[in-house]
Amino acid sequence: MNILMICATFPYPPTRGGTQGRTFNLLKTLTQYHNITLITQKADDVTDDEITQLQRYVQELVIFSRPKEQGTGVLEKIQRFAQFVLEGTPPNVRSLYLSEIQNWIDQAVKTKKFDVITCEHSVNEIYIRPQWKKQLKTIIDIHSSVYKTCQNQLETNTSDHPLRDRLYLPLLRRYEQRTLAKFSQIVVTTDEDERQMREFSRQANITLIANGVDLETFPYRPRDPGGHHLMFVGGLDYFVNIDGAVFFSQEVFPILQQKYPDVTLTLVGSKPAPEVQKLTENPSIKVTGRVPSVAEYLHQATVAVIPLRTGFGMKFKTLEAMASGVPVVASDRGLEGMSVDTPDVPLRALRANTIDQYIITISRLFEQPELREELSKNGRQFIEENYTWERLGKQYEQLIVNS
(Lines give C-alpha, C1' and ligand atoms only; values in the text may rest on other atoms or scores of the structure.)
Protein backbone atom coordinates (compact mmCIF):
# COMPACT_ATOMS: atom_id res chain seq x y z
CA MET A 1 0.00 0.00 0.00
CA ASN A 2 1.03 3.62 -0.49
CA ILE A 3 0.95 5.27 2.92
CA LEU A 4 1.43 8.93 3.85
CA MET A 5 2.52 9.49 7.44
CA ILE A 6 2.20 13.05 8.77
CA CYS A 7 4.32 14.03 11.77
CA ALA A 8 4.97 17.67 12.66
CA THR A 9 7.80 16.55 14.95
CA PHE A 10 10.88 15.26 13.11
CA PRO A 11 10.85 11.58 14.19
CA TYR A 12 14.56 10.93 14.51
CA PRO A 13 16.52 9.91 16.47
CA PRO A 14 14.06 7.60 18.24
CA THR A 15 16.09 7.83 21.45
CA ARG A 16 14.39 11.17 22.09
CA GLY A 17 11.27 9.18 23.00
CA GLY A 18 7.80 10.66 22.93
CA THR A 19 6.37 11.42 19.50
CA GLN A 20 9.74 10.82 17.84
CA GLY A 21 10.18 7.36 19.34
CA ARG A 22 6.67 6.12 18.68
CA THR A 23 6.47 7.46 15.13
CA PHE A 24 9.87 6.15 14.08
CA ASN A 25 9.38 2.68 15.51
CA LEU A 26 5.95 2.24 13.94
CA LEU A 27 7.32 3.57 10.65
CA LYS A 28 10.23 1.12 10.81
CA THR A 29 7.80 -1.80 10.78
CA LEU A 30 5.44 -0.37 8.15
CA THR A 31 8.27 0.27 5.70
CA GLN A 32 9.01 -3.47 5.59
CA TYR A 33 5.61 -4.08 3.97
CA HIS A 34 4.49 -0.84 2.31
CA ASN A 35 5.65 2.27 0.45
CA ILE A 36 6.00 5.04 3.03
CA THR A 37 6.06 8.77 2.39
CA LEU A 38 6.76 10.85 5.49
CA ILE A 39 5.94 14.55 5.60
CA THR A 40 7.46 16.37 8.57
CA GLN A 41 8.86 19.63 9.87
CA LYS A 42 12.46 20.37 10.71
CA ALA A 43 13.38 22.36 13.78
CA ASP A 44 16.73 24.16 13.98
CA ASP A 45 18.36 21.37 16.00
CA VAL A 46 17.75 18.67 13.34
CA THR A 47 21.08 17.78 11.72
CA ASP A 48 21.88 16.79 8.14
CA ASP A 49 23.05 13.41 9.40
CA GLU A 50 19.68 12.80 11.11
CA ILE A 51 17.91 13.63 7.85
CA THR A 52 20.14 11.18 5.98
CA GLN A 53 19.52 8.45 8.53
CA LEU A 54 15.74 8.89 8.41
CA GLN A 55 15.70 8.82 4.59
CA ARG A 56 16.93 5.23 4.72
CA TYR A 57 13.58 4.13 6.17
CA VAL A 58 11.14 5.77 3.75
CA GLN A 59 10.46 5.84 0.06
CA GLU A 60 10.03 9.62 0.14
CA LEU A 61 10.89 12.14 2.85
CA VAL A 62 9.20 15.54 2.49
CA ILE A 63 10.58 18.19 4.86
CA PHE A 64 9.35 21.70 5.62
CA SER A 65 10.93 24.19 8.00
CA ARG A 66 9.14 24.59 11.30
CA PRO A 67 7.06 27.79 11.63
CA LYS A 68 8.49 30.64 13.70
CA GLU A 69 7.40 30.75 17.32
CA GLN A 70 4.35 32.87 18.04
CA GLY A 71 4.49 36.12 19.96
CA THR A 72 3.95 36.08 23.71
CA GLY A 73 2.34 39.48 24.18
CA VAL A 74 -1.02 39.83 25.93
CA LEU A 75 -2.79 41.06 22.81
CA GLU A 76 -1.44 38.17 20.76
CA LYS A 77 -2.59 35.66 23.37
CA ILE A 78 -6.08 37.20 23.38
CA GLN A 79 -6.20 37.00 19.59
CA ARG A 80 -5.20 33.31 19.65
CA PHE A 81 -7.86 32.53 22.25
CA ALA A 82 -10.52 34.32 20.19
CA GLN A 83 -9.47 32.34 17.14
CA PHE A 84 -9.74 29.12 19.20
CA VAL A 85 -13.30 30.03 20.24
CA LEU A 86 -14.37 30.89 16.70
CA GLU A 87 -12.58 28.21 14.68
CA GLY A 88 -12.29 25.39 17.23
CA THR A 89 -8.58 24.64 16.78
CA PRO A 90 -6.21 25.04 19.78
CA PRO A 91 -3.38 27.57 19.43
CA ASN A 92 -0.65 24.89 19.82
CA VAL A 93 -2.13 23.03 16.82
CA ARG A 94 -2.62 26.17 14.75
CA SER A 95 0.96 27.29 15.48
CA LEU A 96 2.39 24.24 13.66
CA TYR A 97 0.15 24.59 10.61
CA LEU A 98 1.73 25.38 7.24
CA SER A 99 -0.35 26.14 4.14
CA GLU A 100 2.49 24.69 2.04
CA ILE A 101 2.00 21.32 3.72
CA GLN A 102 -1.77 21.57 3.24
CA ASN A 103 -1.34 22.27 -0.46
CA TRP A 104 1.07 19.35 -0.85
CA ILE A 105 -1.33 16.93 0.86
CA ASP A 106 -4.39 18.29 -0.99
CA GLN A 107 -2.67 17.67 -4.32
CA ALA A 108 -1.58 14.18 -3.29
CA VAL A 109 -5.15 13.25 -2.34
CA LYS A 110 -6.53 14.77 -5.54
CA THR A 111 -4.19 12.63 -7.66
CA LYS A 112 -4.92 9.54 -5.52
CA LYS A 113 -1.27 9.13 -4.65
CA PHE A 114 -1.99 7.36 -1.35
CA ASP A 115 -4.25 4.58 -0.08
CA VAL A 116 -3.84 5.57 3.58
CA ILE A 117 -2.99 8.72 5.54
CA THR A 118 -1.88 8.45 9.15
CA CYS A 119 -1.57 11.38 11.54
CA GLU A 120 1.16 10.56 14.05
CA HIS A 121 0.05 12.60 17.06
CA SER A 122 -3.25 14.44 17.17
CA VAL A 123 -1.80 17.87 16.28
CA ASN A 124 -1.49 16.66 12.69
CA GLU A 125 -5.26 16.26 12.33
CA ILE A 126 -5.45 19.85 11.11
CA TYR A 127 -4.40 18.74 7.62
CA ILE A 128 -7.19 16.17 7.20
CA ARG A 129 -10.38 17.23 5.43
CA PRO A 130 -13.57 15.48 6.65
CA GLN A 131 -14.66 14.35 3.16
CA TRP A 132 -11.44 12.37 2.63
CA LYS A 133 -12.77 9.59 4.86
CA LYS A 134 -14.98 8.54 1.93
CA GLN A 135 -12.03 8.36 -0.48
CA LEU A 136 -9.24 6.65 1.49
CA LYS A 137 -8.31 5.37 4.92
CA THR A 138 -7.56 8.13 7.42
CA ILE A 139 -6.01 7.12 10.73
CA ILE A 140 -5.15 9.27 13.74
CA ASP A 141 -2.69 8.02 16.36
CA ILE A 142 -3.65 9.95 19.50
CA HIS A 143 -0.66 9.77 21.82
CA SER A 144 -2.68 11.25 24.68
CA SER A 145 -5.98 13.05 25.09
CA VAL A 146 -5.54 16.83 25.16
CA TYR A 147 -8.84 17.24 27.01
CA LYS A 148 -7.96 14.73 29.73
CA THR A 149 -4.49 16.20 30.11
CA CYS A 150 -5.88 19.68 30.67
CA GLN A 151 -8.57 18.39 33.03
CA ASN A 152 -5.98 16.48 35.09
CA GLN A 153 -3.71 19.51 35.40
CA LEU A 154 -6.58 21.53 36.81
CA GLU A 155 -7.58 18.75 39.21
CA THR A 156 -4.04 18.26 40.50
CA ASN A 157 -3.10 21.98 40.64
CA THR A 158 -0.21 21.41 38.23
CA SER A 159 -1.39 23.82 35.54
CA ASP A 160 0.94 26.70 34.71
CA HIS A 161 -2.05 28.86 33.75
CA PRO A 162 -5.18 27.70 35.67
CA LEU A 163 -7.39 30.55 34.45
CA ARG A 164 -6.47 29.92 30.82
CA ASP A 165 -6.94 26.18 31.16
CA ARG A 166 -10.37 26.55 32.79
CA LEU A 167 -11.38 28.58 29.73
CA TYR A 168 -9.75 26.05 27.39
CA LEU A 169 -11.26 22.90 28.91
CA PRO A 170 -14.74 22.94 27.29
CA LEU A 171 -13.16 24.10 24.02
CA LEU A 172 -10.71 21.19 24.08
CA ARG A 173 -13.59 18.79 24.67
CA ARG A 174 -15.41 20.18 21.64
CA TYR A 175 -12.20 20.08 19.58
CA GLU A 176 -11.36 16.47 20.37
CA GLN A 177 -14.92 15.29 19.69
CA ARG A 178 -14.91 17.01 16.29
CA THR A 179 -11.50 15.57 15.43
CA LEU A 180 -12.61 11.97 15.86
CA ALA A 181 -15.37 12.38 13.28
CA LYS A 182 -12.84 13.00 10.49
CA PHE A 183 -11.08 9.64 10.74
CA SER A 184 -11.71 6.07 9.64
CA GLN A 185 -9.69 4.71 12.57
CA ILE A 186 -8.58 6.11 15.92
CA VAL A 187 -5.55 4.66 17.72
CA VAL A 188 -4.87 5.27 21.42
CA THR A 189 -2.05 4.14 23.72
CA THR A 190 -3.88 3.42 26.99
CA ASP A 191 -7.20 2.07 28.22
CA GLU A 192 -7.88 5.40 29.95
CA ASP A 193 -7.67 7.27 26.65
CA GLU A 194 -9.73 4.55 24.98
CA ARG A 195 -12.55 5.13 27.49
CA GLN A 196 -12.37 8.87 26.90
CA MET A 197 -12.54 8.51 23.13
CA ARG A 198 -15.50 6.13 23.34
CA GLU A 199 -17.27 8.69 25.51
CA PHE A 200 -16.64 11.29 22.81
CA SER A 201 -17.83 9.03 19.98
CA ARG A 202 -19.62 5.71 20.37
CA GLN A 203 -19.53 5.19 16.60
CA ALA A 204 -15.77 5.61 16.19
CA ASN A 205 -13.48 2.68 15.37
CA ILE A 206 -10.98 2.77 18.24
CA THR A 207 -7.98 0.48 18.70
CA LEU A 208 -5.48 0.41 21.56
CA ILE A 209 -1.85 0.05 20.46
CA ALA A 210 0.50 0.74 23.33
CA ASN A 211 3.93 2.34 23.36
CA GLY A 212 6.95 0.07 23.24
CA VAL A 213 10.68 -0.39 23.73
CA ASP A 214 13.59 -1.29 21.47
CA LEU A 215 15.25 -4.05 23.51
CA GLU A 216 18.58 -3.59 21.72
CA THR A 217 18.71 0.04 22.83
CA PHE A 218 17.60 -0.89 26.37
CA PRO A 219 19.31 -4.19 27.26
CA TYR A 220 18.82 -5.90 30.60
CA ARG A 221 21.24 -4.69 33.28
CA PRO A 222 24.28 -6.92 33.99
CA ARG A 223 23.94 -6.58 37.78
CA ASP A 224 22.18 -4.86 40.65
CA PRO A 225 24.42 -1.90 41.59
CA GLY A 226 23.00 -1.76 45.13
CA GLY A 227 23.51 1.43 47.10
CA HIS A 228 21.07 4.33 47.29
CA HIS A 229 21.09 5.77 43.79
CA LEU A 230 17.84 7.23 42.41
CA MET A 231 17.27 8.22 38.80
CA PHE A 232 14.62 10.16 36.91
CA VAL A 233 14.66 10.19 33.10
CA GLY A 234 12.75 12.50 30.78
CA GLY A 235 12.95 15.61 28.62
CA LEU A 236 13.63 18.25 31.24
CA ASP A 237 12.20 21.11 29.20
CA TYR A 238 8.72 19.52 29.22
CA PHE A 239 6.39 20.89 31.89
CA VAL A 240 5.17 17.44 33.00
CA ASN A 241 8.73 16.29 33.70
CA ILE A 242 9.78 19.64 35.18
CA ASP A 243 6.90 19.44 37.66
CA GLY A 244 7.75 15.84 38.57
CA ALA A 245 11.47 16.53 38.99
CA VAL A 246 10.93 19.65 41.12
CA PHE A 247 8.25 18.00 43.27
CA PHE A 248 10.37 14.94 44.00
CA SER A 249 13.61 16.87 44.54
CA GLN A 250 12.09 19.42 46.91
CA GLU A 251 9.41 17.42 48.72
CA VAL A 252 10.59 13.79 48.80
CA PHE A 253 14.35 13.72 48.38
CA PRO A 254 15.26 15.81 51.49
CA ILE A 255 13.37 13.33 53.68
CA LEU A 256 15.22 10.43 52.06
CA GLN A 257 18.51 12.25 52.72
CA GLN A 258 17.74 12.34 56.43
CA LYS A 259 17.20 8.58 56.35
CA TYR A 260 19.99 7.69 53.89
CA PRO A 261 22.74 10.37 54.04
CA ASP A 262 24.54 8.92 51.00
CA VAL A 263 21.46 8.91 48.74
CA THR A 264 21.88 10.52 45.31
CA LEU A 265 19.42 11.63 42.64
CA THR A 266 20.36 11.91 38.96
CA LEU A 267 18.03 13.77 36.60
CA VAL A 268 18.73 12.57 33.05
CA GLY A 269 17.25 14.45 30.11
CA SER A 270 17.81 17.02 27.42
CA LYS A 271 17.47 20.79 27.69
CA PRO A 272 17.03 21.07 31.49
CA ALA A 273 14.90 24.08 32.36
CA PRO A 274 16.30 26.72 34.77
CA GLU A 275 14.13 25.44 37.63
CA VAL A 276 15.58 21.96 37.08
CA GLN A 277 19.16 23.21 36.94
CA LYS A 278 18.54 25.08 40.20
CA LEU A 279 17.92 21.73 41.93
CA THR A 280 21.67 21.04 41.81
CA GLU A 281 22.06 23.51 44.67
CA ASN A 282 21.60 20.31 46.62
CA PRO A 283 25.01 18.66 46.04
CA SER A 284 23.44 15.19 46.06
CA ILE A 285 21.35 16.01 42.97
CA LYS A 286 22.96 15.85 39.53
CA VAL A 287 21.47 17.08 36.23
CA THR A 288 23.12 15.55 33.18
CA GLY A 289 21.49 17.12 30.14
CA ARG A 290 21.24 14.89 27.08
CA VAL A 291 23.33 11.70 27.31
CA PRO A 292 24.55 9.30 24.59
CA SER A 293 22.95 6.25 26.22
CA VAL A 294 20.06 6.45 28.67
CA ALA A 295 20.36 2.70 29.27
CA GLU A 296 23.92 3.05 30.58
CA TYR A 297 22.69 5.57 33.13
CA LEU A 298 19.70 3.45 34.10
CA HIS A 299 21.98 0.49 34.78
CA GLN A 300 23.70 2.55 37.48
CA ALA A 301 20.42 3.22 39.33
CA THR A 302 19.24 1.36 42.40
CA VAL A 303 15.72 2.62 41.73
CA ALA A 304 14.09 4.55 38.88
CA VAL A 305 11.56 7.10 40.13
CA ILE A 306 8.74 8.40 37.93
CA PRO A 307 6.96 10.95 40.17
CA LEU A 308 4.66 12.47 37.56
CA ARG A 309 1.63 14.33 38.83
CA THR A 310 0.11 15.08 35.44
CA GLY A 311 0.45 14.06 31.79
CA PHE A 312 -1.58 11.38 30.03
CA GLY A 313 -0.52 8.48 27.85
CA MET A 314 1.79 5.51 28.33
CA LYS A 315 5.22 6.67 29.48
CA PHE A 316 8.33 5.64 27.60
CA LYS A 317 10.45 6.31 30.68
CA THR A 318 8.55 3.63 32.61
CA LEU A 319 8.79 1.05 29.85
CA GLU A 320 12.49 1.74 29.31
CA ALA A 321 13.38 1.47 32.99
CA MET A 322 11.53 -1.84 33.27
CA ALA A 323 13.16 -3.16 30.09
CA SER A 324 16.56 -2.24 31.55
CA GLY A 325 15.79 -4.27 34.66
CA VAL A 326 15.70 -1.27 37.01
CA PRO A 327 13.14 -1.42 39.85
CA VAL A 328 10.50 1.27 39.35
CA VAL A 329 8.61 3.45 41.81
CA ALA A 330 6.02 5.47 39.92
CA SER A 331 2.81 7.43 40.31
CA ASP A 332 -0.54 6.53 38.76
CA ARG A 333 0.34 8.84 35.86
CA GLY A 334 3.71 7.15 35.45
CA LEU A 335 2.08 3.70 35.35
CA GLU A 336 -0.85 4.61 33.12
CA GLY A 337 -1.88 1.79 30.81
CA MET A 338 0.21 -0.87 32.57
CA SER A 339 -0.92 -3.66 34.88
CA VAL A 340 1.89 -3.92 37.42
CA ASP A 341 0.53 -4.40 40.93
CA THR A 342 -2.92 -5.98 40.80
CA PRO A 343 -3.53 -9.33 42.57
CA ASP A 344 -3.75 -11.26 39.29
CA VAL A 345 -0.26 -10.36 37.99
CA PRO A 346 3.34 -10.71 39.23
CA LEU A 347 4.58 -7.61 41.03
CA ARG A 348 6.32 -5.51 38.38
CA ALA A 349 6.63 -2.03 39.92
CA LEU A 350 5.74 -0.18 43.11
CA ARG A 351 3.15 2.61 43.12
CA ALA A 352 3.41 5.92 45.01
CA ASN A 353 1.37 9.10 44.80
CA THR A 354 2.09 10.88 48.10
CA ILE A 355 5.29 11.91 49.85
CA ASP A 356 4.85 9.21 52.49
CA GLN A 357 4.23 6.55 49.85
CA TYR A 358 7.43 7.51 48.01
CA ILE A 359 9.45 7.30 51.23
CA ILE A 360 8.00 3.90 52.15
CA THR A 361 8.33 2.27 48.73
CA ILE A 362 11.83 3.58 48.00
CA SER A 363 13.00 2.55 51.48
CA ARG A 364 11.66 -0.96 50.88
CA LEU A 365 13.68 -1.25 47.71
CA PHE A 366 16.83 0.20 49.26
CA GLU A 367 16.64 -2.32 52.09
CA GLN A 368 15.35 -5.43 50.29
CA PRO A 369 17.65 -6.68 47.49
CA GLU A 370 15.36 -9.64 46.92
CA LEU A 371 12.47 -7.26 46.17
CA ARG A 372 14.66 -5.35 43.74
CA GLU A 373 15.49 -8.61 42.00
CA GLU A 374 11.82 -9.59 41.82
CA LEU A 375 10.81 -6.30 40.21
CA SER A 376 13.81 -6.40 37.89
CA LYS A 377 13.02 -9.83 36.45
CA ASN A 378 9.25 -9.37 36.35
CA GLY A 379 9.54 -5.95 34.75
CA ARG A 380 11.82 -7.16 31.97
CA GLN A 381 9.61 -10.18 31.25
CA PHE A 382 6.55 -7.91 31.15
CA ILE A 383 8.18 -5.76 28.46
CA GLU A 384 9.44 -8.71 26.43
CA GLU A 385 5.97 -10.30 26.33
CA ASN A 386 3.89 -7.17 25.69
CA TYR A 387 5.75 -4.02 24.71
CA THR A 388 8.35 -4.63 22.02
CA TRP A 389 8.15 -2.39 18.98
CA GLU A 390 8.27 -5.43 16.72
CA ARG A 391 5.01 -6.73 18.22
CA LEU A 392 3.31 -3.33 18.34
CA GLY A 393 4.42 -2.32 14.85
CA LYS A 394 2.81 -5.46 13.44
CA GLN A 395 -0.44 -4.59 15.24
CA TYR A 396 -0.37 -1.16 13.60
CA GLU A 397 0.35 -2.66 10.20
CA GLN A 398 -2.54 -5.10 10.51
CA LEU A 399 -4.88 -2.30 11.57
CA ILE A 400 -3.95 -0.33 8.45
CA VAL A 401 -4.39 -3.28 6.12
CA ASN A 402 -7.62 -4.55 7.59
CA SER A 403 -9.43 -1.31 8.48
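**Exercise 1. Find the partner of strand β2 (residues 35–42) and state the sense of their pairing over six bridges.**

Solution. Strand β2 runs in parallel with β3, joined over six bridges; strands here are DSSP runs of E of at least two residues, numbered from the N terminus, and two of them pair if DSSP finds at least two bridges between them. Next, look across from Thr37: Glu60 in β3 stands opposite. Now widen the view to the open sheet of seven strands, with parallel pairing and the order β3-β2-β1-β4-β5-β6-β7. The edges are β3 (60–65) and β7 (206–208); each has a single partner strand, so one side of each lacks a neighbour in the sheet.

A word on the model: it is predicted, with local features needing pLDDT of at least 70 and side-chain atom pairs pLDDT 80 or more, while totals for chains, interfaces and linings use all residues. Residues are numbered from 1 along each chain as its sequence is written, and side-chain values use heavy atoms, without hydrogens and water.

**Exercise 2. Name the residues with the most contacts inside the largest nonpolar core.**

Solution. Such a core joins buried Ala, Val, Leu, Ile, Met, Phe, Trp, Tyr and Cys residues through side-chain atoms within 4.5 Å. The largest has 88 residues, and Leu230, Phe248, Leu267, Ile362 and Tyr396 have the most contacts inside it. Helix α9 (residues 239–259) gives the most to this core, nine residues.

Methods. Buried < 20%, exposed > 50% of the residue type's maximum accessible area, 1.4 Å probe, protein only. Helix = DSSP H or I, 4+ residues; strand = E, 2+ residues; numbered from the N terminus.
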